[in-house]
Amino acid sequence: MSDPGAARQEFLGFMYELETEPEHVLQVARFALLLFDQLVDLHGLGAGDRLILEAAACLHDVGWAVSAGGEEHHKASARLIRERT
């Protein structure tokens, strides 16, 4: 990952474009990162993995923006993320 700061800005910008409840996903991200940090001695993962976890937490619900009634929003989230990368 050449520039983690730029990557973070990119996924946060994408999240804010589509997310109707950013407080929710930011809270999910805080909890996920808290667990990651507290368990680092067990999993041994690094900063790049932590950034991927944060991105996943921030983008997990973006599919709600394009899903009628939210049905299968998880699939829409995956599609939107794949199309963005």
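Leucine 59 touches Phe11, Phe14, Met15, Ser77 and Ile81, residues up to four places away in sequence not being counted; contact here means heavy atoms within 4.5 Å. The model is predicted, so local features need pLDDT of at least 70 and side-chain atom pairs count only at pLDDT 80 or more, whereas totals for chains, interfaces and linings use all residues. Residues are numbered from 1 along each chain as its sequence is written, and side-chain values use heavy atoms, with hydrogens and water left out.

Leucine 59 also belongs to the residues that touch the most other members of the largest nonpolar core, a set of 13 residues; the others are Phe11, Leu12, Met15 and Cys58. A nonpolar core is a set of buried Ala, Val, Leu, Ile, Met, Phe, Trp, Tyr and Cys residues joined through side-chain atoms within 4.5 Å. Buried denotes under 20% relative accessible area, exposed over 50%, and partly exposed the range in between (1.4 Å probe, protein chains only). Helix 1, helix 2 and helix 4 each supply at least two residues of this core, and helix 4 gives the largest share, five residues. Helices are DSSP runs (H or I, at least four residues), numbered from the N terminus.

Helix 4 has 13 residues and reaches 18 Å from its first C-alpha to its last, close to the 18 Å expected at 1.5 Å a residue; the expected span is 1.5 Å times one less than the number of residues. Its buried residues are Leu51, Glu54, Ala55, Ala57, Cys58 and Leu59, and they pack against helix 1 (4-18), helix 2 (22-38) and helix 5.

Aspartate 61 is placed in the loop between helix 4 (47-59) and helix 5 (73-84). Aspartate 61 is buried yet has no salt bridge, the nearest side chain of opposite charge, arginine 30, being 13 Å away. A salt bridge requires a side-chain nitrogen of Lys or Arg within 4 Å of a carboxyl oxygen of Asp or Glu; Lys and Arg count as positive and Asp and Glu as negative, while His and the chain ends are not counted. Beyond four places in sequence, aspartate 61 touches Glu19, His24, Val25, His73 and Ser77.

Glutamate 72 lies in the loop between helix 4 and helix 5. Glutamate 72 has a positive phi of about 55° although it is not a glycine, and it is partly exposed, with a relative accessible area of 45%.
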